[in-house]
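Please look over this model with me. My notes are meant to be read beside the structure.

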Amino acid sequence: MIVCVAVVGLQNNPLYLQSFTEADDALKLHYIVHCSLDVIDERVNNPKKTGSTMNETFLGLLYPTENYKVYGYITNTKVKFVLVTTDLDVKDADVRSFFRRFHSAYVDAVSNPFHVTGKKINSVFFAERVRDIVKSFGTNTTV
Amino acid sequence: MIGVGKVKQYTNVLDKPLSKGKQEVSLSAFAFLFSELVQYNQTQVDNIAELERRLEDAGYGVGVRVLELLCHRDKGNRRETRLLGILSFVHSTVWKVLFGKVADSLEKGTEHEDEYMISEKELLVNRFISIPKDMGTFNCGAFVAGIVRGVLDSAGFPATVSAHFVPMEGQQRPRTTILIKFAEEDGNLAQREREICAKNAAFMWIYFRRKCGPALLSFQGRVVLFSARTNGLSAARMRERDLHIMC
């Protein structure tokens, strides 16, 4: 079950933050996303080995906290996507396809000529598409 | 999605699903739009430099979005972290998507370490434009310069980009050159490139050494050529530059 998705911009400013549970405290999820930014920075600036992993966009499992798993993804423009989930047995391929669809929704939102780069994403369509993607996460593995 | 079975016959044309549409825009539509953009900006400014700056800013927005779109659509899961990589990306992929062909050439400047030039016999945006004599060296290619600046800036390589006319003998119209000057302070860019090259070289060195022990001297040349990409750059300039980096 996905509890939170976030889009964080170039200077680590939040561009879009959405949580999907009523029970949990939204602030705690924001805090988790904030902590994961450090992990992303460290992964990006010190690649574990040179070669193929230096240029990957999907960063994988960032770190597991008490009941959550946090996944990261970075685009070519240093915009980061963070996904917080409570599932214990999440398949890697599922997360990758989730990020791919999320990236495509993000590109569509940014292509809006009225969107100012570096400011919050205010598009209603983007929010709807994200909700659809989150709802269909894990239930089927279609592209 | 239309299934792979038999095609349904639609009685009413309104019931047919929308076609995907062509991936191209007509040149005349774009030329009209661009000429209107230039004319609109002309009424708002007092001098040429301001007009050029406005066109460049218009192109900047396009460049940022083009980078996002192309990285997601065409590049799959790769990110560009190398200077040569991003330059050849601009030179081939971006040009192909925007103008339907790759740029004519990509060259490295000889005076300064961090200057590069993309030249084109005739920019698509300039095709239906002729500059009056009293506007001096104004070039509507400033729009394209803005696009390139947008792409480089959002990829993490800040640069100043400008468009110039370069007269060529034997040709009626001058060639257009987009000059890219990278703006890293204190030579950080060259330093970063050196580090990445050194890391690559060290990796290759260990690999080669394990494979075949002696003949170390001939490695250096091969390692250098191996570790840098050679898309579009003239080979002689490349080798000289990379040997310089290795020393």
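The points below go through the sheet, its helices and the nonpolar cores.

1. Keep in mind that this is a predicted model.

2. Start with chain A. Five strands form an open sheet there, in the order S2-S1-S5-S4-S3. Their pairing is antiparallel. Strands S2 (14-19) and S3 (58-64) of chain A are at the edges. Each has a single partner strand, so one side of each has no neighbour in the sheet. On average, neighbouring strands are turned by 15° against each other, direction ignored.

3. Now take one pair. Strand S4 (residues 69-74) and strand S5 (residues 80-85) of chain A are antiparallel and share six bridges. Look for Lys69(A): Thr85(A) in S5(A) stands opposite.

4. Next, the helices of chain A. Helix H1 (residues 26-45) packs on the sheet. Helix H1 of chain A touches S1 (2-8), S2, S3, S4 and S5, and makes an angle of about 125° with S3(A). Helix H2 (residues 92-110) of chain A lies across S1, S3, S4 and S5. Its direction is at about 135° to S5(A).

5. Turn to chain B for the largest nonpolar core, which has 42 residues. Among the residues that touch the most other members are Trp95(B), Ile118(B) and Phe182(B). Elements of chain B that give two or more residues to this core include helix H2 (48-73), helix H4 (142-154) and strand S4 (175-182).

6. Which residues does Ile118(B) touch? Leaving out residues up to four places away in sequence, they include Val90(B), Trp95(B), Leu106(B), Ile178(B) and Ile180(B).

7. Another core lies apart from the largest one. This core has 27 residues, including Phe81(A), Val90(A), Ala105(A) and Phe126(A).

Notes. Residues are numbered from 1 along each chain as its sequence is written. Chains are lettered from A and ligands numbered from 1 in the order in which they are written. This is a predicted model: local features need pLDDT of at least 70, side-chain atom pairs count only at pLDDT 80 or more; totals for chains, interfaces and linings use all residues. Side-chain values use heavy atoms; hydrogens and water are left out. Two strands pair if DSSP finds at least two bridges between them. Helices (H or I, at least four residues) and strands (E, at least two) are DSSP runs, numbered from the N terminus. Axes are lines fitted to C-alpha atoms, for helices over the stretch in contact, and angles run from 0 to 180 degrees between N-to-C directions. Contact means heavy atoms within 4.5 Å. A nonpolar core is a set of buried Ala, Val, Leu, Ile, Met, Phe, Trp, Tyr and Cys residues joined through side-chain atoms within 4.5 Å. Buried means under 20% relative accessible area, exposed over 50%, partly exposed in between (1.4 Å probe, protein chains only).
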